[in-house]
Amino acid sequence: MKVAVIGVGGSGSAALRFLAKEGHEAVGYEQFTVGHAMGSSHGRSRIIRLSYPDDFHTGLMRRAYELWDDLEIESGENLFVKCGGITFGPGGDTTLRNTISSLANASIPHELLDRDQCATRFPAIDIGPGSTAVYQQDSGFLRSTRCVLAQLGIARQHGAEVREHSPVFAIEEKNGKVLVSTASKTEVFDTAIVTAGPWIGKLLAPLHLPVTTALRQVAYFAIRRNPENFAPGKLPVWITHSSDHYGFPADGEVTGIKIASHDAGMTYDPDQPDRPVMPEHLEALAEKATALFPDLSGDIVSSQSCLYTTTPDEHFILDHAPGSPRILLCSGCSGHGFKFTILLGRLLADMATRTKADASPTPWRLARFPVPRS
Ligand SMILES: Cc1cc2nc3c(=O)[nH]c(=O)nc-3n(C[C@H](O)[C@H](O)[C@H](O)COP(=O)(O)OP(=O)(O)OC[C@H]3O[C@@H](n4cnc5c(N)ncnc54)[C@H](O)[C@@H]3O)c2cc1C
């Protein structure tokens, strides 16, 4: 089959790789250069974890883990640093309790640590009085830009074409085919996959997709003393439910450790030409960083902005376009989607080639939203 993939960031690069490997004529359209820093998948790290507060995500992540392992083997690159992870918060916190339940339901090994046990095991971080941490050994981080480039490299080896600087402005299903238009030409495909991330709402404006886009910041903080305690494993990836902050150990590639907030963000048009960093967000991050990590100085070594594309329920969108079964949509990854992009790519490839046209899990289908009024 001839399949167009519109947008080759996290999900699109994965879909393109699976399609090309399975012998389909796959064409990826990218409005910028691949691996660019204007969308959602760029940067050195994204958390990957089985520790979700519900059985749905934990179950799907098991499938995603297998696919990431395959990608590492196939690419010959170290893309996944399995350094363990802790989720922590006040002992009675509902999200924490639900996370423990979903790990237990899936028989996934995990340990509960109080503040002192956590300090003994992971001396860099102070989870605070009265907090409990759940440790899961399979958590870690994905080297996100490198994952995208690795998928595209493999896709190209298998014959996929990647057209950079090729913004698509129209996608239309007509007479059992899909017409994909750029400024230079319109091409005919059997199916099209739209993995346009933050741009999906604008590209498919008539569908009134319920997504909002927001700018988020991450910052790398300087280590003042005891750098050995910030190495992967000695410091796991971490998420706190007391404040929605999260972070990483030293990634071995840049100075400092990365800390961010899932909460603080500003609505932002993806077509703005820049991705500014907001000083007030960085100040708030610095305050949190020094409270959690007494060995950090609070000085920011570097920072970066990135876009979230969020749905009202923070579940993704993976579905056929209403009234256009040959056009598939995937976006709305709501700030937690990178770890799933390889699974989304797998499901999209199956849906596009009709190996499994109905592969989208119910919580990711558009039917959950009220029908938009035009
Ligand atoms: C600061 C930050 C931290 C995050 N942390 C985590 C984390 O720790 N763990 C986790 O799992 N997730 C995390 N996420 C979320 C995750 O990174 C995103 O959900 C994921 O990268 C989304 O991938 P995507 O393929 O949907 O979008 P993108 O990767 O943005 O891909 C969309 C692509 O489509 C292209 N495109 C758009 N329109 C067109 C067009 N008309 N023509 C051609 N090309 C087009 C874009 O240029 C882009 O390359 C984080 C996100 C941010 C911003």
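Which element gives the most to the shell around the ligand? Strand E19 does, with three residues. The views below come from a predicted model, in which local features need pLDDT of at least 70, side-chain atom pairs count only at pLDDT 80 or more, and totals for chains, interfaces and linings use all residues. Residues are numbered from 1 along each chain as its sequence is written, and side-chain values use heavy atoms, with hydrogens and water left out.

**View 1. The shell around the ligand holds 35 residues.** Glu 30, His 36, Ser 41, Ile 47 and Cys 306 are the closest. Helix H1 (10-21), strand E3 (46-48) and strand E19 (296-310) each supply at least two shell residues. Helices (H or I, at least four residues) and strands (E, at least two) are DSSP runs, numbered from the N terminus. Domain 1 (2-42 + 145-209 + 313-368) and domain 2 (80-142 + 212-310) each give at least three residues. These bounds come from an automatic or database domain assignment. By class, 17 shell residues are nonpolar, 15 are polar and three are charged. Here Ala, Val, Leu, Ile, Met, Phe, Trp, Tyr, Cys and Pro count as nonpolar, Asp, Glu, Lys and Arg as charged, and the others, Gly among them, as polar.

View 2. A backbone N or O atom of Val 168 sits 2.9 Å from a nitrogen atom of the ligand. For Gly 10, a backbone N or O atom is 3.2 Å from a ligand oxygen. On its own the ligand has 1,000 Å² of accessible area, and the protein covers 96% of that. Accessible areas come from the Shrake-Rupley method with a 1.4 Å probe; for residues, only the protein chains shown count as cover.

**View 3. Glu 22 and Arg 346 form a salt bridge.** Their closest N and O atoms are 2.7 Å apart. The pair links distant parts of the chain, 324 residues apart: Glu 22 is in the loop between H1 and strand E2 (25-29), Arg 346 in helix H8 (residues 341-352). A salt bridge is a side-chain nitrogen of Lys or Arg within 4 Å of a carboxyl oxygen of Asp or Glu. Arg 346 is buried, at 15% relative accessible area. Glu 22 is partly exposed, at 40%. Buried means under 20% relative accessible area, exposed over 50%, and partly exposed in between (1.4 Å probe, protein chains only).

**View 4. Lys 202 and Asp 269 meet in a salt bridge.** The N to O distance is 3.0 Å. Lys 202 lies in helix H6 (residues 200-203) and Asp 269 in the loop between strand E18 (266-267) and helix H7 (279-292), so the pair ties together parts 67 residues apart in sequence. Lys 202 is partly exposed, at 41% relative accessible area. Asp 269 is partly exposed too, at 32%. Elsewhere, salt bridges with shared partners join Lys 2, Glu 161, Arg 163, Lys 185 and Glu 187 into one network. The whole structure has 21 salt bridges.

**View 5. Asp 295 contacts Arg 225.** Their side chains are joined by a polar contact of 2.5 Å. A polar contact is a pair of N or O atoms within 3.5 Å; within protein, one must be able to donate a hydrogen and the other to accept it, and residues adjacent in sequence count only if both atoms are side-chain atoms. Asp 295 is in the loop between H7 and E19. Asp 295 is buried, at 8% relative accessible area.

Definitions and conventions
A residue is near a molecule or strand if one of its heavy atoms lies within 4 Å of it.
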